[in-house]
Amino acid sequence: MTTSQSVLTQNLAEHKYALAVSIILLVIPVFTRDYYILSVLVFANIYAIFGASWDILGGITGIFSFGQVLFFGVAAYMSAGLNLFFGLPPIVTIPVGGAFGVLVGLVAAIPSLRLKGPYFAIISLVFPGILAGVIYMYPAITGGDAGLYGLTPISADIIVTYYASTILALASILLLVRLVSSRIGLIFKSIRDDEDTAEASGINTTRYKFLSFAISGFFAGIAGGFQAHQLMSISPFVFNTSYSFTAILSASLGGVGTIFGSLAGAYLTAFLNESLRSLVQFRVLISAIVMILVFRFLPEGLIRRITRRYNFRFGTWSAVKKLKREKIDATNS
Amino acid sequence: MIEEIVISALILGGLYALLSLGFSLITGVARIMNFAHGAFYMLAAYLIYSALSWGQGPAIIVSVALIIVISLVVYKLLVGPLREKEAEAALVTLALALIIQEGVKLIWGPDYKSIPYVITGYVTIMGVRVVTQKLVALFASIVCVAGLFLFIRFTKSGKATRAVTQNIEVARLVGINVSTVLMVTMAISGLLAGLAAVFFAPLSVLSPTEWTVLFQFFPVIVLGGLGSLKGSMIASFLIAFIEKTVEFTIGGGFLMQTVTFVIMLVVLLVKPTGLFGKPVMRER
């Protein structure tokens, strides 16, 4: 399944899903205007951006980060601070938060250049904790343990908020999907698959790693800023490891390295979180179990497994395409 | 004050040595980062707490045995099959640590618990009163470390372990049963976590987030070099000494962590293989 042709047919099939999903998401408010349902979906959209931001680094470039909250949290605090202390509206603070995400991403990229896999895992696991410590140290500015609250909401109307988040999520993900299928994406994947070979073929891997971190940081930052405004508050809890898991869970449920999967994975994650609302004490437990199951038994992701099964059983959209796919699969195997 | 620093650093170093040896062993041999190692230590302590009604001796034996079994099951079911993908394996063990944390919270509750000393009483060394348990713990740690070194250096299984550490494929070629070696290594790693709980857990209070002691000994592992036993050994006492010096002279729990994290960062950027580490994780 690694030839460019089969990837292409896969992408075609996925684009159809993409279109269908986008339309469904955009018409949801026609059917329900329930505040609760829509606010859950807003969070799903935020997780989708957050998950995709992890995926571009972990799934596409092959740099597994355990501390994605670093970008998310810093951007959230920056957005909150700009909003509270300078009175800037969300439409300014969220992109500025994203810019801070880029900054943090570029800083985080420096150790990743020297450190391979597990060493970088250690660093990325520890960093958010250090930052949380800094926040506890300056309660006058950061609000300390209680955090900052009283932020301007995205909009008083949940439907406006829903559309803002949906359009932001769809735009981010489509942008990232385009990026991944471009030349830059190909270079990211070549770094993931074999860094030495990539370097030997004349690719400046350092520059592209910085780029990958910057992109990842930007989208994680946007997600962080949006969530801060949606919740109207921010606390050091955003630097918790289990929060990084939200991103990884969203990306991995949808299928690591697919970007678009993050959207589906995020909706599942949000649904999972909400259905456990009355069982809050099981939430982290269950998401950790789900994550282990996915990584151990479904490395391609739950959603991808289902869509592939569907293609297999009911055929693709046209008989010609099906024939083509069988031919490609036959030559692959 | 110097006496206090030395003694408390030796004891903290003993804990770090015991834990980081278990972690380094499995990292070096199987090339797996077991982020659940700290969680095994915590779980062992909680198991001892629960089994205390059977008497302390049986409680300790049963708990340590259980931890060994659990670590073997975890290896067989979750980590072993992912051995080729180190990042995924690390992620799975981290998720496992969180599962254990939440499980402990559900079973034993979020409040603090403590387990009794193996030996009570205190002695006075160089004018500093030291609880006997601390000395016992330090002694036990030294014995365990020495035992592990002797095992690896002088027994046939130890030789096989070293061979697998150096090169898995070649070890397989010369007829070593690699999967058995890996299982034995995992069992020893679990045993070390259990023993650390027996001797060191009574010295502090237990809470469901106790597994984050893992983050505390990351600097040790990095400074010693990933997968290097000798390195982790020396780095344990070095880092413990630095931590305690900072704690006693400048003060502040958070600062002490920051200092060691900065050391870790500098080591990673200047000499990522640590003091004695070979770049084990890159050779595949």
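How many residues of chain B are in contact with chain A? In this predicted model, 31 residues of chain B are in contact with 27 residues of chain A. On the side of chain B that touches chain A, α4 (86-108), α9 (213-224) and α11 (253-270) of chain B each supply at least two residues. The largest share, 15 residues, comes from α4(B).

Let me now turn to chain B as a whole. Chain B holds eleven helices and two strands, and along the sequence they follow the pattern α-α-α-α-β-β-α-α-α-α-α-α-α. The radius of gyration of chain B is 18 Å, close to the 19 Å that the globule rule gives for 284 residues, so chain B is as compact as a globular protein of that length. The C-alpha trace of chain B spans about 55 × 45 × 35 Å along its principal axes. Of the 284 residues in chain B, 48% are buried.

Finally, I return to α9(B) and one of its contacts. The axes of α1 (residues 2-30) of chain B and α9(B) come within 10 Å and cross at roughly 70 degrees, which means that α1(B) is roughly perpendicular to α9(B). From α1(B), the contact is made by Tyr16(B), Leu19(B), Ser20(B), Phe23(B) and Ser24(B); from α9(B), by Val213(B), Phe217(B), Val220(B), Ile221(B) and Gly224(B). The residues of this contact divide into seven nonpolar, three polar and no charged.

Notes
Residues are numbered from 1 along each chain as its sequence is written. Chains are lettered from A and ligands numbered from 1 in the order in which they are written. This is a predicted model: local features need pLDDT of at least 70, side-chain atom pairs count only at pLDDT 80 or more; totals for chains, interfaces and linings use all residues. Two residues are in contact if their C-beta atoms, placed from the backbone, lie within 7 Å. Helices (H or I, at least four residues) and strands (E, at least two) are DSSP runs, numbered from the N terminus. Axes are lines fitted to C-alpha atoms, for helices over the stretch in contact, and angles run from 0 to 180 degrees between N-to-C directions. Angles under 35 degrees count as roughly parallel, over 145 as roughly antiparallel, 65 to 115 as roughly perpendicular and the rest as oblique. Ala, Val, Leu, Ile, Met, Phe, Trp, Tyr, Cys and Pro count as nonpolar, Asp, Glu, Lys and Arg as charged, and the others, Gly among them, as polar. The radius of gyration is taken over C-alpha atoms; the globule rule is 2.2 Å times the number of residues to the power 0.38. A residue is buried if 20 or more other C-beta atoms lie within 10 Å of its own, exposed if 12 or fewer, and partly exposed in between; C-beta atoms are placed from the backbone.
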